[in-house]
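Please read them alongside the coordinates.

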Amino acid sequence: MPWEFSEKNKEKAKEILSHYPSNYKQSAVIPLLDLAQQQHGGWLPVSAMNAVAKVIEVAPIRVYEVATFYSMFNRAKVGKYHLLVCGTTPCMIRGSRDIEDALLKHLGVKRNEVTKDGMFSVGEMECMGSCVNAPMIAVADYSNGSEGYTYNYYEDLTPERVVEIVEMFRKGEIPPVGTQNKKRIMSGPEDGNTSLLSDPKPPPCRDLNAC
Ligand code: FES
């Protein structure tokens, strides 16, 4: 399958390369793979990895090694909305298995399968750093190519809420990102702060003029 960066993405690739010394072009492998994946609707065929290898002037195997190591790079087709359920311990304790089951049942797919209409796929990811708002999913939205690509977190989920979120995407709506618990503000506790209730005192300062 012939593959090359689009004209717009050739410009973006140049801009990405400008962040690195010209003799270390290979350091740009991850952002360039990311750009290629966005352009290709969420996954990386061998020809896209070869195109990245050409840009950074390395043997293709060097790019395959990176693309197959990181789970953020997909080596098979995904849906326009790729739903990644966090499966690490804090999210698991808070019900991530129920979230995944609700998604798979609602969409009628197995993990890593794409729905027949090509709209959705469900994968698993390890901790994405939102454990305080567990359980959570990340949604990679490839529905608008690399120009409109977004990657958002939906947190404090219940099985019912995650299905509502899927249906909002189906209608072309963008669900509010972050916590889905209306009683919380971002990562704050449900019933207001329990500590740090006033501004902290500044650290004591030595009065140098008094010396
Ligand atoms: S364990 Fe799920 S975000 Fe950290």
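**Notes on the model**

1. Gln 37 counts as buried, at 2% relative accessibility, where buried means under 20% relative accessible area, exposed over 50% and partly exposed in between, computed with a 1.4 Å probe on protein chains only. The residue is found in helix 2, helices being DSSP runs of H or I with at least four residues and strands runs of E with at least two, numbered from the N terminus. Leaving aside neighbours within four places in sequence, Gln 37 is in contact (heavy atoms within 4.5 Å) with Gly 42, Trp 43, Leu 44, Met 72, Phe 73, Asn 74 and Tyr 142. For one of these, Asn 74, the backbone nitrogen lies 2.8 Å from a polar atom of the Gln 37 side chain.

2. On the basis of these values: this is a predicted model, in which local features need pLDDT of at least 70 and side-chain atom pairs count only at pLDDT 80 or more, while totals for chains, interfaces and linings use all residues. Residues are numbered from 1 along each chain as its sequence is written, and side-chain values use heavy atoms, with hydrogens and water left out.

3. The protein chain is divided into domain 1 (7-69) and domain 2 (81-179), with bounds that come from an automatic or database domain assignment. Their centres, taken over C-alpha atoms, are separated by 27 Å. Between them about 570 Å² is buried, 50% of it given by carbon and sulfur atoms; buried area here is the accessible area (1.4 Å probe) that two parts lose on being put together, summed over both. Of the area that domain 1 buries against domain 2, Lys 8, Lys 12 and Gln 38 supply 61%, more than any other three residues.

4. Which residues form the salt bridge, and how far apart are the closest N and O atoms? The count between the two domains is 1 salt bridge, a term that requires a side-chain nitrogen of Lys or Arg within 4 Å of a carboxyl oxygen of Asp or Glu. Lys 12 forms a salt bridge with Glu 147, and the closest N and O atoms are 3.7 Å apart. On the side of domain 1 that touches domain 2, the elements giving two or more residues are helix 1 (7-17) and helix 2 (29-39).

5. Two places in the backbone deserve a look, given that most residues other than glycine have a negative phi, and most peptide bonds are trans. A cis peptide bond, with omega about 0°, joins Ala 134 and Pro 135, and Pro 135 lies in the loop between strand 2 and strand 3 (137-141). Asp 156, in the loop between strand 4 (150-155) and helix 7 (159-170), has a positive phi near 50° without being a glycine, and this residue counts as buried at 11% relative accessibility.

6. Leu 196 also has a positive phi, of about 50°, although it is not a glycine. This residue lies in the segment after strand 5 (178-179) and is exposed, with a relative accessible area of 73%.

7. Glu 113, found in the loop between helix 6 (96-107) and strand 2 (120-125), counts as partly exposed at 33% relative accessibility. Leaving aside neighbours within four places in sequence, Glu 113 is in contact with Phe 120, Ser 121 and Val 122.

Terms used:
A polar contact is a pair of N or O atoms within 3.5 Å; within protein, one must be able to donate a hydrogen and the other to accept it, and residues adjacent in sequence count only if both atoms are side-chain atoms.
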